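Please keep the sequence and the structure in view while going through the numbered points.

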Amino acid sequence: VPGHWIQVCPTKKTGDKKRKRKPSDHVPVPGKDPSPEDVEEAQKMQEIPPPKCFCGETSRLNKVKRSKAGGDNSRALGKYFFFCSKKRDDETQCRFARPADLELNKMKARAGNKAAQKKAEQEESAQKRKETKQIKKAK
């Protein structure tokens with residue numbers, strides 16, 4: 001359309017100019033940068049399905065860090081917690097904070113419970129097979 005301020009050019013390729021990352025010369029600083037073990041632990045924690053918070057939303061996983069106000073002696077520092085996923089300035093945000101270790105223990109208990117149920121079912125089916133063999137022999 002002549003005189004229009006938007007011009008669409010069909011020959012232009014968009015998204016073609018992707019920046020290539022330069023290899024980083026960053027040296028990890030112990031105590032500031034996460035160690036490979038920390039990264040592995042965080043990945044393990046992210047496999048836990050997040051529980052619902054008090055307001056019904058799915059919660060988000062966060063690591064507790066030192067606050068600017070202080071509180072260096074808190075036992076929660078460095079631990080993973082599930083918090084309400086609403087923004088901090090949202091008035092409807094609930095006070096949900098659950099340690100991720102509790103959810104991890106629940107998940108392990110469920111898995112252990114499932115394994116125990118499966119084992120019981122296998123023993124039960126083996127017992128039934130024995131009984132049917134004995135019945136067949138008796139006939």
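1. In this predicted model, the largest nonpolar core consists of eleven residues: A42, M45, I48, C53, Y80, F82, C84, C94, F96, A100 and L104. As a general background, nonpolar side chains in soluble globular proteins tend to be buried together.

2. Of its 139 residues, 13% count as buried. The protein chain exposes about 13300 Å², and carbon and sulfur atoms supply 51% of that area.

3. The protein chain has two helices and three strands, which follow one another in the pattern α-β-β-β-α along the sequence. Among contacts between residues at least 6 apart in sequence, 41% join residues at least 24 apart.

4. The three strands form an open sheet in the order β1-β2-β3, with antiparallel pairing. β1 (60-63) and β3 (97-99) are at the edges and have a single partner strand each, so one side of each lacks a neighbour in the sheet. On average, neighbouring strands are turned by 35° against each other, direction ignored. The helix α1 packs on this sheet and touches β1 and β2; the direction of α1 makes about 35° with that of β2.

5. β2 and β3 run antiparallel and are joined by three bridges. Within this pairing, F82 has R98 in β3 as its bridge partner. F82 is also a member of the largest nonpolar core. Leaving aside residues up to four places away in sequence, F82 touches I48, P50, P51, S59, R60, L61, F96, A97, R98, A100 and E103.

6. The structure holds two aromatic pairs. In the pair of F54 and F96, the ring centres are 5.2 Å apart and the planes stand at 85°; planes over 60 degrees apart count as edge-to-face, so this pair is edge-to-face. F54 lies in the loop between α1 and β1, whereas F96 lies in the loop between β2 and β3, so the pair ties together parts that are 42 residues apart in sequence.

7. Are the two members of this pair, F54 and F96, buried or exposed? F54 has a relative accessible area of 63%, and because the cut-off for exposed is over 50%, F54 is exposed. F96 has 3% relative accessibility, and because buried means under 20%, F96 counts as buried.

Terms used:
Residues are numbered from 1 along each chain as its sequence is written. This is a predicted model: local features need pLDDT of at least 70, side-chain atom pairs count only at pLDDT 80 or more; totals for chains, interfaces and linings use all residues. Side-chain values use heavy atoms; hydrogens and water are left out. Helices (H or I, at least four residues) and strands (E, at least two) are DSSP runs, numbered from the N terminus. Buried means under 20% relative accessible area, exposed over 50%, partly exposed in between (1.4 Å probe, protein chains only). Contact means heavy atoms within 4.5 Å. Accessible areas come from the Shrake-Rupley method with a 1.4 Å probe; for residues, only the protein chains shown count as cover. A nonpolar core is a set of buried Ala, Val, Leu, Ile, Met, Phe, Trp, Tyr and Cys residues joined through side-chain atoms within 4.5 Å. Two strands pair if DSSP finds at least two bridges between them. Axes are lines fitted to C-alpha atoms, for helices over the stretch in contact, and angles run from 0 to 180 degrees between N-to-C directions. Rings of Phe, Tyr and Trp (its six-membered ring) pair if their centres lie within 6.5 Å; planes under 30 degrees apart count as stacked, over 60 as edge-to-face and the rest as tilted.
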